[in-house]
Amino acid sequence: LPRFTEVMHTMNSETGLSVHISDDESDDEDLMGSQAPSEIQGILCKWTNYIHGWQDRYFVLRDGTMSYYRSQSDASFGCRGSISVNKAIVKPHDIDECRFDVCLNDCVWYLRTSSQEETLHWVDAIELQKEGLQRHGSAMSLTSASLSTTSTKKSKGLRVKLAE
């Protein structure tokens, strides 16, 4: 079972991933020499807290939004959080080559993969989607493109603030 896949079924024997690229046959030049995958999904370790530490979570990067779920089987119940990658900052870790952070405003996801290649693949896929959104515009409205939804812990804090 691969740790991540890009939906389409072009398998890479080294990383175990498959790529889905849109069937759109536009004459536009490919981004950075290759077309951005329309979707990438798989298991990443996400830092949760000091009690539970790193936890495997199922991530999906699709249409400029990165979402995560407790597991792949829980994906049908809705995501635990999502970030629009359009304005997100992706930072590879200075010391741990398998780690990278995705930051949007005050929301930071600390993520870890099983290999440096997998980390580079996720970082590249996010950057390519960002470039695609900036170059071709997003199908989402300007309002929804700048929103980020985080875990229920964050929304509980918002409810408390709104009640004040």
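Mentor: Let us begin with cysteine 79, which is partly exposed, at a relative accessible area of 37%. Buried means under 20% relative accessible area, exposed over 50%, and partly exposed in between, with a 1.4 Å probe and protein chains only.

Trainee: And cysteine 98, is it in a disulfide or in none?

Mentor: Cysteine 98 is in no disulfide; the nearest cysteine sulfur belongs to cysteine 45 and is 9.8 Å away. A disulfide is a pair of cysteine sulfur atoms within 2.5 Å. By this rule the count comes to zero disulfides.

Trainee: Is cysteine 98 buried or exposed?

Mentor: Cysteine 98 is buried, since its relative accessible area is 11%.

Trainee: What sort of model is this, and how are the residues numbered?

Mentor: This is a predicted model, in which local features need pLDDT of at least 70, side-chain atom pairs count only at pLDDT 80 or more, and totals for chains, interfaces and linings use all residues. Residues are numbered from 1 along each chain as its sequence is written, and side-chain values use heavy atoms, with hydrogens and water left out.

Trainee: New topic: how many helices and strands does the protein have?

Mentor: The protein has three helices and eight strands. These are DSSP runs numbered from the N terminus: helices are H or I with at least four residues, strands are E with at least two. Along the sequence the pattern reads β-β-β-β-β-β-β-β-α-α-α.

Trainee: How many bridges join S2 to S3?

Mentor: 10 bridges join strand S2 (residues 39–49) to strand S3 (residues 53–62), and the two run antiparallel. Strands pair if DSSP finds at least two bridges between them. S2 and S3 form a hairpin with three residues between them, and asparagine 49 has glycine 53 in S3 as its bridge partner.

Trainee: What about S3 and S4?

Mentor: Five bridges join S3 to strand S4 (residues 65–69), again running antiparallel. Phenylalanine 59 has tyrosine 68 in S4 as its bridge partner. In this hairpin two residues lie between the strands, and aspartate 63 takes a positive phi near 50°.

Trainee: Where does tryptophan 54 lie, and is it buried or partly exposed?

Mentor: Tryptophan 54 lies in strand S3. Its relative accessible area is 34%, so tryptophan 54 counts as partly exposed.

Trainee: Finally, what percentage of the residues count as buried?

Mentor: Of the 164 residues of the protein, 37% count as buried.
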